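Try each task before reading its solution.

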Amino acid sequence: MIYLELFISFLKIGLLSFGGGYAAMPLIQEQVVMSHGWLSMAEFTDLITISQMTPGPIAINSATFVGIKIAGIPGALVATLGCILPSCVIVLLIAKLYLKYRNMNVLQGVLESLRPAVVAMIASAGISVLITALWGSVELISPGNTSWTLAILFVVCVVLLKKCKMNPILVMVLAGVANVGLGMAGL
């Protein structure tokens with residue numbers, strides 16, 4: 001039964017996650033944290049971090065991680081298959097249709113109208129992860145509950161990425177090293 005639940009949950013994610021990995025994060029959160037309770041919000045934040053650090057798409061890495069946690073290697077295979085199956089079928093169909101109708105104004109209009117929804121989904125996921133990192137949950141948002149060390153680390157990372165144009169992988173490694181160092185220093 002758990003295999004079927006994993007397959008259907010990640011099939012939904014794969015079917016509805018237009019816009020790629022970041023857009024899939026709210027859908028993954030809904031399925032694995034809220035609907036099934038397979039992960040806590042803190043574990044979900046760790047999942048996103050791990051998915052970012054490993055090669056491959058976030059949704060597939062998440063499916064593999066959750067599948068292994070819930071039902072071992074067979075669970076990982078079933079969840080990953082559920083996640084990629086819709087994409088494979090949809091891409092084949094869309095490629096055929098796009099090549100046939102790519103010059104139609106209606107198609108261009110549909111693609112343009114999807115962009116704001118994708119941006120909103122990415123922003124929603126980013127805000128959820130940020131809230132979890134800095135406060136633990138929405139209910140705990142207050143200056144007294146803020147992890148100021150992580151807040152400062154977040155600002156430094158944004159500056160390094162946007163102003164200094166540093167490589168995101170290097171920024172992630174530096175942030176990890178800084179957090180471990182600060183933790184060892186008791187901050």
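**Exercise 1. A loop residue**

In which loop is the place of K165?

Solution. Start with the ground rules. This is a predicted model, in which local features need pLDDT of at least 70, side-chain atom pairs count only at pLDDT 80 or more, and totals for chains, interfaces and linings use all residues. Numbering starts from 1 along each chain as its sequence is written, and side-chain values use heavy atoms, with hydrogens and water left out.

Step 1: K165 sits in the loop between α6 and α7. Helices (H or I, at least four residues) and strands (E, at least two) are DSSP runs, numbered from the N terminus.
Step 2: The classes are buried (under 20% relative accessible area), exposed (over 50%) and partly exposed (in between), with a 1.4 Å probe and protein chains only.

**Exercise 2. The chain as a whole**

How many helices and strands does the protein chain have?

Solution. Step 1: count seven helices and zero strands. From the N terminus on, the order is α-α-α-α-α-α-α.
Step 1: along its principal axes, the C-alpha trace spans about 60 × 45 × 30 Å.
Step 2: of the 187 residues, 27% count as buried.
Step 3: take contacts (heavy atoms within 4.5 Å). Among those between residues at least 6 apart in sequence, 54% join residues at least 24 apart.

**Exercise 3. The largest pocket**

Which element gives the most residues to the lining of the largest pocket?

Solution. On a 1 Å grid over the protein atoms alone, a cavity is a set of points where a 1.4 Å probe fits but cannot get out; a pocket is an open set with protein on both sides within 12 Å along at least five of seven lines, and lining residues have an atom within 4 Å of a point. Grid points are joined across faces, edges and corners, and a volume is the space filled by probe spheres set on the points.
Step 1: the largest pocket has a volume of about 1500 Å³. It is lined by 33 residues, and T49, V129, F154, C157 and M172 are the closest to its centre.
Step 2: two or more lining residues come from each of α2 (21-35), α3 (41-53), α5 (105-135), α6 (148-162) and α7 (168-184). The top contributor is α5, with nine.
Step 3: sort the lining by class. It holds 24 nonpolar, seven polar and two charged residues. Here Ala, Val, Leu, Ile, Met, Phe, Trp, Tyr, Cys and Pro count as nonpolar, Asp, Glu, Lys and Arg as charged, and the others, Gly among them, as polar.

**Exercise 4. The cores**

Solution. Step 1: a nonpolar core is a set of buried Ala, Val, Leu, Ile, Met, Phe, Trp, Tyr and Cys residues joined through side-chain atoms within 4.5 Å.
Step 1: the largest has 22 residues, of which L6, F10, I28, V32, F44 and V66 touch the most other members.
Step 2: α1 (2-16), α2, α3 and α4 (58-101) each supply at least two residues. α4 gives the most, seven.
Step 3: another core of five residues lies apart from it, with L153, C157, L160 and A175 among them.
Step 4: return to V32. Leaving out residues up to four places away in sequence, V32 touches F10, G37, W38, L39, F44 and V66.

**Exercise 5. Sequence against space**

How many residues apart in sequence are S137 and M41?

Solution. Step 1: S137 and M41 are 96 residues apart in sequence and 8.0 Å apart in space, C-alpha to C-alpha. S137 lies in the loop between α5 and α6.
Step 1: S142 is in the loop between α5 and α6. S142 and V158 are 16 residues apart in sequence and 22 Å apart in space, C-alpha to C-alpha.
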